[in-house]
Amino acid sequence: MKAGFVSFIGRPNAGKSTLLNRIVGQKLAIVSDKPQTTRTRVVGVKNYPPSPPEAATAGQATGGQIVFVDTPGVHKPTHRMNVRMVDVALEAMREVDVLSLVVDASAKPGPGDRYLLDVLKDVKTPVILTLTKVDLIAKPRLLPLIDYYSKAHSFAEIVPASAIDGTNIDTLERLFLQHLPEGEPLYPPDYLTDQTDRFYVSEIVREQVLQNTHDELPFSTAVVIDRFDETDASILKLYCTILVERDSQKGIVVGKGGEMIKQIGTAARLGLEAHFETRVFLDLHVKVKSEWRNDERVLDEINIQNRGVSTD
């Protein structure tokens with residue numbers, strides 16, 4: 001059987017998190033239309049049953065376990081937080097068995113894409129190019145894009161795919177398995193992710209901040225879990241602080257008469273109740289902390305990692 005790590009790397013908003021969620025069949029990473037939504041690595045494990053004997057005879061993948069690693073989008077860092085994010089993504093390139101460069105097929109290649117191609121020149125790991133969001137473009141536009149990338153790097157495979165309508169997702173997973181080494185599973189069969197409950201609380205709340213506020217806020221907001229109270233078996237009590245960098249941003253998050261924070265809290269509570277399958281009491285506060293993105297202690301507290309992948 002095959003077993004190993006597959007890491008998704010790419011520019012911000014390329015569709016890496018949507019792809020991870022589609023493959024594992026569960027929402028492990030929050031998604032939004034705003035760049036730099038993913039701030040740390042997110043692991044999702046999927047097990048594959050053995051293929052029929054005729055498939056094994058034909059040299060195709062015979063089942064196994066893939067540990068998928070979603071990483072922050074690679075971009076030019078402007079704060080210590082961004083430096084950590086990019087470090088996590090680039091470190092994952094050196095620690096996995098297969099890389100998947102995820103490229104938004106609906107966008108024209110830019111300097112960031114060329115930078116990633118340049119980084120891949122020194123990578124010995126098999127790299128599969130995943131051209132995502134093909135549901136958004138006409139098929140004739142694909143051929144020039146495939147030609148461009150096939151000349152830019154020697155990819156092991158090039159797969160046009162869509163995490164929205166499922167185009168070629170099965171093909172992509174089969175190719176991941178084929179390029180993984182032989183080995184025993186790295187995690188138990190019922191293992192899904194290494195993310196903690198606190199991680200999901202902060203991410204679900206932050207997702208609602210992203211979806212309900214203006215474009216200027218995503219980069220300058222974070223969610224800190226102040227208290228995680230499970231003493232009452234009938235209800236989970238959560239107390240969180242939303243960090244912003246300026247008073248004007250606090251006003252946006254709170255909203256007129258507190259309407260925005262109420263809207264965020266209601267949507268987040270529903271998401272948390274679906275995730276934890278229990279009643280949730282959610283208490284949200286907004287705090288101004290200037291330059292928190294350069295504060296190492298805050299970055300540690302909100303789990304912006306400074307490392308790659310691990311099986312520890």
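Two strands pair if DSSP finds at least two bridges between them. With that criterion in place, I turn to the structure shown above, which is a predicted model.

Strand 2, residues 42-48, and strand 3, residues 64-70, pair in the antiparallel sense, over seven bridges.

The protein chain has ten helices and nine strands. Of its 312 residues, 52% count as buried. Among contacts between residues at least 6 apart in sequence, 74% join residues at least 24 apart. The chain exposes about 14,600 Å², and carbon and sulfur atoms supply 50% of that area.

I now come to one residue, K2, which is found in strand 1, residues 2-10. Which side chain of opposite charge is nearest to K2, and how far away is it? It is that of E182, at 4.5 Å. A salt bridge requires a side-chain nitrogen of Lys or Arg within 4 Å of a carboxyl oxygen of Asp or Glu, and K2, although buried, has no salt bridge.

What, then, lies around the side chain of K2? A polar atom of that side chain is 3.2 Å from the backbone oxygen of L180. Leaving aside neighbours within four places in sequence, K2 is in contact with G63, G64 and Q65, and also with L177, Q178, L180, P181, E182 and G183. Of these contacts, G64 belongs to the residue range of strand 3, 64-70.

Terms used: Residues are numbered from 1 along each chain as its sequence is written. This is a predicted model: local features need pLDDT of at least 70, side-chain atom pairs count only at pLDDT 80 or more; totals for chains, interfaces and linings use all residues. Side-chain values use heavy atoms; hydrogens and water are left out. Helices (H or I, at least four residues) and strands (E, at least two) are DSSP runs, numbered from the N terminus. Buried means under 20% relative accessible area, exposed over 50%, partly exposed in between (1.4 Å probe, protein chains only). Lys and Arg count as positive and Asp and Glu as negative; His and the chain ends are not counted. A polar contact is a pair of N or O atoms within 3.5 Å; within protein, one must be able to donate a hydrogen and the other to accept it, and residues adjacent in sequence count only if both atoms are side-chain atoms. Contact means heavy atoms within 4.5 Å. Accessible areas come from the Shrake-Rupley method with a 1.4 Å probe; for residues, only the protein chains shown count as cover.
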